[in-house]
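Open your viewer and get ready to select as you read. Each stop tells you what to pick and what you will find there.

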Amino acid sequence: RRFIEEMGSGWDDGFRKPATPQEVQGTAAAQPAAPGLSLKEAMRGYRLWAIMFGLGMMAFAIMGLQINLAPMAQTAGLSTAEATVLLSLLGLASMAGRLLGAFIVDHVPARAVAAVVCLAPAVGVLFLDPPFATMAIAVSLIGLAVGIEGDLSVLFLTRYLGSRHYPKIAGVNGAVTATFAAIGPLAFTAFYDVTRTNEGVP
């Protein structure tokens, strides 16, 4: 107490007296609200549903390939060691995509980024056959898409729906995307159990 008194009333007012509710409300009112839709407004429009469906289908395909990559590679004739290397390449490519994603979305139009993220796994699937070198190229393309996908979600939600209620909207989008991502590996496995082949899975 003596230290505070010696420092003077400025210290005492600044560090001991909390702001009143009126002061807090006045400060908040002085700051303009961020633009954007509420969750209810976003749910009534088509853009949120289109974003959730598009990102969900991407997660469905990418996670289905990612989880089943090792057994698919071994079924195609690769050894266990080669399948392990492919999984490592997938992780490294995903990290690279994560690092590049933030830069790309700041300098490239959103629709162009979405097109690349959708086409990269599709092109990769075309090479997802032996020999090992072609499968490595395919896995690298798929990994890049995995890494960029997270930044793409933030970009679409903030650009087309605003940031005012982003946490709520992002929570709903994340739940839907996670559901698609969880179903993907199960669907790929069920397809193989029925057909006993990975041909036609993508």
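**Stop 1: the whole chain.** This model is predicted. Show the chain as a cartoon. It has 10 helices and zero strands. Walk from the N terminus and you read α-α-α-α-α-α-α-α-α-α. The chain exposes about 12,000 Å². Carbon and sulfur atoms supply 67% of that area. Of the 202 residues, 32% are buried. Next, think about contacts between residues at least 6 apart in sequence: 74% of them join residues at least 24 apart.

**Stop 2: α5 and α9.** Select residues 47–67 for helix α5, then residues 132–161 for helix α9. How do their axes meet? They come within 11 Å and cross at roughly 170 degrees. Angles over 145 degrees count as roughly antiparallel, so α5 is roughly antiparallel to α9.

Show the side chains where they touch. On α5, pick R47, L48, I51, L55, M58, A59, I62, L65 and Q66. On α9, pick I142, A145, V146, E149, L152, S153, F156, L157, Y160 and L161. Color them by class. You get 15 nonpolar, two polar and two charged residues.

**Stop 3: α5 and α10.** Which hand does the crossing of α5 and α10 have? It is right-handed. Color this contact by class too. It has 21 nonpolar residues, five polar ones and no charged residues.

Note on methods: Residues numbered from 1 in each chain as written. Predicted model: local features only at pLDDT ≥ 70, side-chain atom pairs only at ≥ 80, totals over all residues. Heavy atoms only, no water. Axes fitted to C-alpha atoms, helices over the stretch in contact; angles between N-to-C directions. Helix = DSSP H or I, 4+ residues; strand = E, 2+ residues; numbered from the N terminus. Parallel < 35°, antiparallel > 145°, perpendicular 65-115°, else oblique. Contact = heavy atoms within 4.5 Å. Nonpolar A, V, L, I, M, F, W, Y, C, P; charged D, E, K, R; others polar. Left-handed = near helix turned anticlockwise from the far one by under 90°. Buried < 20%, exposed > 50% of the residue type's maximum accessible area, 1.4 Å probe, protein only. Areas by Shrake-Rupley, 256 points an atom, 1.4 Å probe, with all protein chains shown as cover.
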